[in-house]
Amino acid sequence: MAIISLLALLLCIVLSFIKKINTGVIGFALAFLVGVYLVGMSPNEVIKGFPTSMVFTLMGIMFLFGIASANGTLGKLAAMISNVAGNRVKLIPFIFYFFSLAVSCVVGGIIGGSLICPIAMKVGKQKNIPDFIMGAAVIFGVQGGCMTPIAANGVIAGSLMSDIGMSGMFPLWLHLAISCTILFCIAFVVGGGLKLAALDGAELNTESSSFDAKQKITAVALVAVIICTAVLKTNVPLTALTASAILILLGCSTANDAINHVSWSVIVLISGVSMLVNVMTVAGGIDAASSWMASVMTPSTASSIMVLTGGAMSAVSSATGVVMPTMIPTAPAIAAQMGGAVTVQTIVTGIVIGSHVVPISPLSTMGGIVMATSNEDTDKDRLFRNLLICAILSVVACGALAMTGFYGLFW
């Protein structure tokens, strides 16, 4: 049954990639068919694999930031921040990088990227900055900041880490932030960033000069949620939904606007794959996968192999919905089978790094957003090639960095 459950996951990924179907939809079906009719689980046991806490947290965060997106608060923040550089064009990509990183610390990668990327491309066109550089700034930025306890990616990783007895998100966030910062700096230089010329008399984006009353209230609410959850340790989704209710009552947005900004496709993806992974666990698939990976690793290559494997899987699936839920549960068994020469933390870090640097690929959702929001005069074929090459080299570079033992630090 262990092999069958692993084949079911492989089938799920392949079918979703070929047919362009949400992986979670297929995951629901295979969890039911494999779990009940092959593994011998009851329907209720299959349903118990539904990640209720994770889904509720994601929904609460998405709902709140749906309001901030719908009423223009996030867009105005991004435009305002871009004006900080004035006509110093070389600074603009870095401003967007660190702004994206900061936003992602709260909302996560995919949400932050989808909100900021269209604005970044618009600003890039105004300042004659190549789409590749602006796209890299946003994607590496949102990926670099997404491993916090309240960001969507961090919520998922934290839940999975808790299940295997790990605690503490800061070292993971730090490793990912450092890796993405290095990769963006390289992309900036290779993409021609040093050749960007200052614009004489460049016009600032005057529409960002002030926030209206609704946007001011929304900004205050966002800050309040961050303080309450990070400092006072209040429940993240309940705090976010309470703030959302207050904002709607004050007329800052409507419930429908917030609902329309909830990424239900992400929730379906994560839910379906999580249920299938639960079936795999019961069937022994996770243990079998752990044993196989441990057999081809050495202490010096373990982290590097996890980076490359995570990157390869993320290129054709989802880091949050497929890669982390599938691979993180294998970490304790791999570490144990290697006699403790490699820590569970190092293995998990490798998985997270690999799966989170490859989404700049145009075949992934994040890279697809860059392609979709690129300016009309951009050479799309060239942009596609540059993003794909960047994704491949990013994974290889992080794999090489892993072999130095860097991802074992700070824990």
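Student: Which residues make the nonpolar surface patch of about 580 Å²?

Tutor: Keep in mind that this is a predicted model. The patch is built from Met1, Ile4, Phe32, Leu33, Tyr37 and Leu38. Helix α2 (residues 23-39) gives the largest share, with four residues. Met1 sits in the segment before α1 (2-19).

Student: Is Met1 buried, exposed or partly exposed?

Tutor: Met1 has 45% relative accessibility, so it counts as partly exposed.

Student: How about the cysteines: how many disulfides are there?

Tutor: A disulfide needs two cysteine sulfur atoms within 2.5 Å. By that rule, the count is zero. Take Cys390: the closest cysteine sulfur, in Cys180, is 10 Å from its own, so that is too far for a bond. Cys390 is also buried, since its relative accessible area is 11% and buried means under 20%. Cys12 counts as buried because its relative accessibility is 0%.

Student: And how do I find empty space?

Tutor: The idea is to roll a probe the size of a water molecule over the atoms, which shows where space is left empty. Here, the second largest pocket holds about 580 Å³ of space. Its lining has 24 residues, and those closest to the centre are Pro130, Phe132, Gly191, Leu383 and Asn386.

Student: Which helix gives the most to the lining of the second largest pocket?

Tutor: That's α21 (380-402), with eight residues. At least two residues each also come from α7 (109-126), α8 (131-145) and α10 (170-190).

Conventions. Residues numbered from 1 in each chain as written. Predicted model: local features only at pLDDT ≥ 70, side-chain atom pairs only at ≥ 80, totals over all residues. Heavy atoms only, no water. Patch = residues over 30% accessible without salt bridge, like charges linked within 9 Å, V, L, I, M, F, W, Y side chains within 5 Å. Areas by Shrake-Rupley, 256 points an atom, 1.4 Å probe, with all protein chains shown as cover. Salt bridge = Lys/Arg side-chain N within 4 Å of Asp/Glu carboxyl O. Buried < 20%, exposed > 50% of the residue type's maximum accessible area, 1.4 Å probe, protein only. 1 Å grid on protein atoms, 1.4 Å probe; cavity = no way out; pocket = protein on both sides within 12 Å on 5 of 7 lines; lining within 4 Å. Points joined across faces, edges and corners; volume = space filled by probe spheres on them.
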